[in-house]
Amino acid sequence: NKQIVFKDYVVGYPKETDMELRSSEPSIMVPPEEGGLLLKNLYLSCDPYMRGRMSKPIPNASYVNSFVPGSVITGYGVSQVIDSRHPDFQVGDLVWGFTGWELFTLLPTPLGLTKIKYTNDHNIPLSYYTGILGMPGLTAYVGFHEICSPKKGETVYVSAASGAVGQLVGQFAKLMGCYVVGSAGTKEKVELLKNKFGFDDAFNYKEEQDLTAALKRFFPQGIDIYFENVGGRMLDAVLLNMNVHGRIAVCGLISQYNLTEHDGVHNLFCMITKRIRMQGFVEPDHKHMYPQFLELVVQYIREGKIVYMEDTAEGLEEAPSALIGLFSGRNVGKQVVCIRHD
Ligand code: NDP
């Protein structure tokens, strides 16, 4: 087996050297215990929340456990069952859910695994279950439709808009008949937002000296809905540009994940004056919506109503640098790792 092992807790920006590749002799695979599965991993998902798992655990500060130094990194992935001692799973089944950053994973229980219904045979690439048809997709869907309470014609702003979650939020908002603007960190991403994902407009936040003025330029009538992926200075600028009774879905705060001291937000008073509803949410609370979400989004993909973009790193050994790349914006679209078994 080959594995990516987490070395030790991280302070500040993570580095590739915080993880290392470990190889063991390809001895005979240990079979699973009663109720367990042996998985062959096919795709791994690189997700920003994994940065939180690299920090020393702080009680009540996170909704996921920290990685254990010296142990294999775990995260979402797509896998094939190659041995099963669980009645609900057969050899050959394709699944998505929590697995290890390794070629093969022995799971004591299939808790949190979902059997894959639509495959390459249905023209749906398996890697999509790390993104549009997996955790980030459901996040975009519930975050926009459940938390933002959108109405046709409203103005919507999405930050980190070209990423896994953002590109979908923008498209859901367009399908709803909203006016949508996104921001991202490069010229290439801004072009994608406008020309591929169908945002009404987009800008490079790194080129704007004054974010408040930039938002005023793109939203002269104000923002009704903000889908928050970054936090910090951006949130402050948004608060000043929100409309009365606006909604903010707090999905993530990626600009803060590597800071030892978080940026303070100064304009919270706007929440009172403008009666803004700001709500944090986490995707695991909304798992019950997965079946309806899956059917809808598969149909959207087939009808060409939604497009989707991935950034694929080839090989398990590339996974650490792919993960780190999320924090410098190196990924263009959803960051996936394709595992080679040659
Ligand atoms: P992305 O695919 O968007 O990748 C991360 C992107 O964030 C980078 O490409 C970069 O794009 C941007 N970024 C990185 N650092 C900064 C910074 N300092 N300031 C502004 N932008 C930055 O990731 P996801 O779509 O998977 O995740 C987006 C957000 O959603 C994250 O905050 C994540 O934690 C959150 N999330 C929350 C979930 C929940 O259940 N609440 C579930 C899944 C994700 P750019 O070039 O534009 O800077």
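Which residues of α5 meet which residues of α6? In this predicted model, local features need pLDDT of at least 70 and side-chain atom pairs count only at pLDDT 80 or more, while totals for chains, interfaces and linings use all residues. Residues are numbered from 1 along each chain as its sequence is written.

To take the opening question, Leu211, Thr212, Leu215 and Lys216 of α5 meet Arg233, Met234, Ala237, Val238, Leu240 and Asn241 of α6; contact here requires C-beta atoms, placed from the backbone, within 7 Å. Helices are DSSP runs of H or I with at least four residues, numbered from the N terminus. The contact of α5 with α6 divides into six nonpolar, two polar and two charged residues (Ala, Val, Leu, Ile, Met, Phe, Trp, Tyr, Cys and Pro count as nonpolar, Asp, Glu, Lys and Arg as charged, and the others, Gly among them, as polar). The axes of α5 (residues 211–218) and α6 (residues 233–241) come within 8 Å and cross at roughly 45°; axes are lines fitted to C-alpha atoms over the stretch in contact, with angles from 0 to 180 degrees between N-to-C directions.

On the α2 side, Pro136, Gly137, Thr139, Ala140, Tyr141, Gly143, Phe144 and His145 meet Ala164, Val165, Leu168, Val169, Phe172 and Ala173 of α3. This contact of α2 with α3 has 10 nonpolar, four polar and no charged residues.

The ligand brings α2 and α3 back into view. Of the 30 residues around the ligand, Gly163, Gly185, Gly252, Ser255 and Gly329 come nearest, where a residue counts as near if its C-beta atom, placed from the backbone, lies within 6 Å. The elements giving two or more residues to this shell are α2 (135–147) and α3 (164–175), and α3 gives the most, with three residues. By class, the shell has 15 nonpolar, 11 polar and four charged residues.

At least three shell residues come from each of domain 1 (2–131 + 309–338) and domain 2 (135–284), with bounds from an automatic or database domain assignment. The C-alpha centres of domain 1 and domain 2 lie 28 Å apart, and their contact takes 15 residues from domain 1 and 18 residues from domain 2. The side of domain 1 that touches domain 2 has eight nonpolar, five polar and two charged residues.

Notes:
Two residues are in contact if their C-beta atoms, placed from the backbone, lie within 7 Å.
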